[in-house]
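Subject: Structure for you to look at

Hello,

Here is the structure I said I would pass on. Please open it first, then read the notes below it.

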Amino acid sequence: MNKNSINRREFLKSSAMVGAAGMVGTGSLLTTSCSGGNASSDKIVYKPLKEPGSYYVPELPDLATDGKELKAGVIGCGGRGSGAAFNWLNAANGVTITALGDTYKDRLDGLASKLKKDKNIDIPEDKRFIGLDAYKQVIDSGVDVVIIATPPSFRPIHFQYATEKGKHSFLEKPVCVDPVGYRLIVATARQAQAKNLCVITGTQRRHQRNYVEAYKKVMEGTIGEITGGNVYWNGGKLWHKDRQAGWSDCECMIRDWVNWKWLSGDHIVEQHVHNIDVFTWFSGLKPIKAVGFGSRQRRVTGDQYDNFSIDFTMENGIHLHSMCRQIDGCADSVSEFIQGAKGSLYTDAGNKAIIKDLAGNEIWKYDFETEKANFKQTDPYTLEHVNWINLIRAGKSIDQASEIAVPNMAAIMGRESAYTGGATTWEAMTAAPLDLMPKDLSLIGKMDMTGFVVPISGKPYIKQ
């Protein structure tokens with residue numbers, strides 16, 4: 001196959017295997033409880049939502065336990081791939097990077113130079129692979145694990161090949177952009193479990209200590225049964241790349257991937273999946289219906305929206321409101337609010353995890369100062385690699401791919417509802433034939449660009 005062309009349909013293999021297997025574990029971290037009155041003598045007994053030991057809690061030491069030497073290959077050498085490469089190297093002793101792959105040489109060489117300068121790791125020329133099929137060469141180069149940080153649309157294909165070859169995978173989020181990719185992720189995750197592989201995803205809040213401790217508190221029953229919630233990623237404009245002379249249609253889109261829905265899934269999928277994941281993780285629920293709207297106000301490239309507002313109906317009938325925006329000069333919030341029958345939880349990625357009772361009294365909060373006093377490593381991007389390496393070295397499997405597929409599909413449902421103006425359902429969307437990968441994808445020459453249009457609610461947006 002020509003390395004400068006790809007047909008997704010050639011890679012999508014049928015599989016009857018569905019479902020997911022999780023891990024069960026325990027863990028503990030330092031936190032601080034706060035309450036009105038004498039908390040020590042007046043301790044409240046809560047009815048747990050889940051019994052301890054029946055849900056997975058990662059162990060999050062500063063550094064992974066020493067053990068087997070591990071060689072990683074990085075697929076996708078842009079900003080997040082480069083960041084994940086150094087997170088991997090900072091997470092443990094006895095780990096290295098031996099192969100790199102990217103669509104474009106300048107990005108690959110940029111990471112190679114940084115590895116040499118900062119870590120004295122020299123990636124030889126014969127381990128630097130370029131093109132749309134570079135992922136195969138990285139995976140086949142003798143690595144033990146792969147870090148998959150390509151644009152999201154390619155991740156299901158890369159994960160499938162890595163699993164076929166018996167490699168442990170770190171998948172950046174989101175893990176897919178459409179229902180075809182979703183089904184491949186779920187099937188491949190099942191295959192990875194059968195091979196006892198460790199699959200971790202880049203939804204780093206699952207490895208952020210304030211979120212992990214808040215999750216444990218909710219499982220202990222501190223806010224009671226979950227009755228609803230609100231999740232937000234409202235922030236400013238992300239980056240964009242103006243088209244340069246000599247760039248083909250494909251190169252223009254891939255270098256500007258965060259602004260094209262076939263590559264990123266739109267920002268509700270690419271970015272806001274973090275916040276949706278917090279709610280589906282804590283509640284254990286998936287959405288059965290989504291109704292929402294969105295629009296494009298100030299985005300300057302690509303074919304995406306820059307704001308969404310979605311009402312999700314969860315499978316037990318409660319509602320989740322999801323809001324995300326990428327527009328400068330507006331009120332920002334990157335946070336989650338979960339309402340329970342006995343109280344509420346507020347979390348954010350910066351410095352808060354707070355539980356209040358129904359009267360608004362603060363009864364628990366995570367103590368970041370105590371964390372800093374007791375741990376040297378507080379970066380969740382590194383801690384997810386610490387956990388991954390520990391599991392690999394212990395011979396334990398974990399499947400986060402199918403777990404993250406749930407909020408990922410929820411985001412796809414919300415996007416499609418906003419795009420079309422109609423309601424979407426879990427049952428219909430998970431079975432839908434929607435495949436955003438261009439049929440004529442080629443790194444060179446012209447592509448049919450007429451299908452890349454900004455959706456207008458109530459009108460079809462995919463060229464038939």
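**What was found**

Strands S14 (residues 352-357) and S15 (residues 362-365) pair in the antiparallel sense over three bridges. Two strands count as paired if DSSP finds at least two bridges between them. Helices (H or I, at least four residues) and strands (E, at least two) are DSSP runs, numbered from the N terminus. Lys 356 has Glu 362, in S15, as its bridge partner. Four residues lie between the strands of this hairpin, where Gly 360 takes a positive phi near 90 degrees.

Before going on, note that this is a predicted model, in which local features need pLDDT of at least 70 and side-chain atom pairs count only at pLDDT 80 or more, while totals for chains, interfaces and linings use all residues. Residues are numbered from 1 along each chain as its sequence is written, and side-chain values use heavy atoms, with hydrogens and water left out.

**Core and contacts**

A nonpolar core is a set of buried Ala, Val, Leu, Ile, Met, Phe, Trp, Tyr and Cys residues joined through side-chain atoms within 4.5 Å. Buried means under 20% relative accessible area, exposed over 50%, and partly exposed in between (1.4 Å probe, protein chains only). The largest nonpolar core has 127 residues, of which Trp 88, Ile 97, Leu 100, Trp 262 and Phe 282 touch the most other members. Helix H14 (residues 401-420) gives the most to this core, with nine residues.

Contact means heavy atoms within 4.5 Å. Not counting residues up to four places away in sequence, Ile 97 touches several residues, among them Ala 72, Val 74, Trp 88 and Ile 123.

Met 219 belongs to helix H7 (residues 209-219). Is Met 219 buried or exposed? Met 219 is buried, because its relative accessible area is 2%. Leaving aside neighbours within four places in sequence, Met 219 is in contact with Pro 48, Leu 49, Lys 50, Tyr 55 and Phe 282. The C-alpha atoms of Met 219 and Ser 283 are separated by 9.1 Å, and the two residues are 64 apart along the chain.

**Salt bridges**

How many salt bridges does the structure hold? There are 20, a salt bridge being a side-chain nitrogen of Lys or Arg within 4 Å of a carboxyl oxygen of Asp or Glu.

One of them joins the side chains of Asp 277 and Arg 206 (2.8 Å, N to O). This pair links distant parts of the chain, 71 residues apart: Asp 277 is in helix H11 (residues 273-283), and Arg 206 is in the loop between strand S7 (198-201) and H7. Both Asp 277 and Arg 206 are buried.

Another salt bridge is formed by Arg 243 and Asp 249, with the closest N and O atoms 2.9 Å apart. Arg 243 is partly exposed at 44% relative accessibility, whereas Asp 249 is buried at 7%.

The side chains of Lys 217 and Glu 220 also meet in a salt bridge (3.8 Å, N to O). Lys 217 counts as buried at 18% relative accessibility, and Glu 220 as partly exposed at 35%.

Salt bridges also link Lys 105, Asp 109, Glu 125 and Arg 128 in a network.

**Cysteines**

A search of the whole structure finds zero disulfides, a disulfide being a pair of cysteine sulfur atoms within 2.5 Å. For Cys 330, the nearest cysteine sulfur is that of Cys 324, 13 Å away. Cys 330 is partly exposed, with a relative accessible area of 29%, whereas Cys 198 is buried at 1%.

Regards
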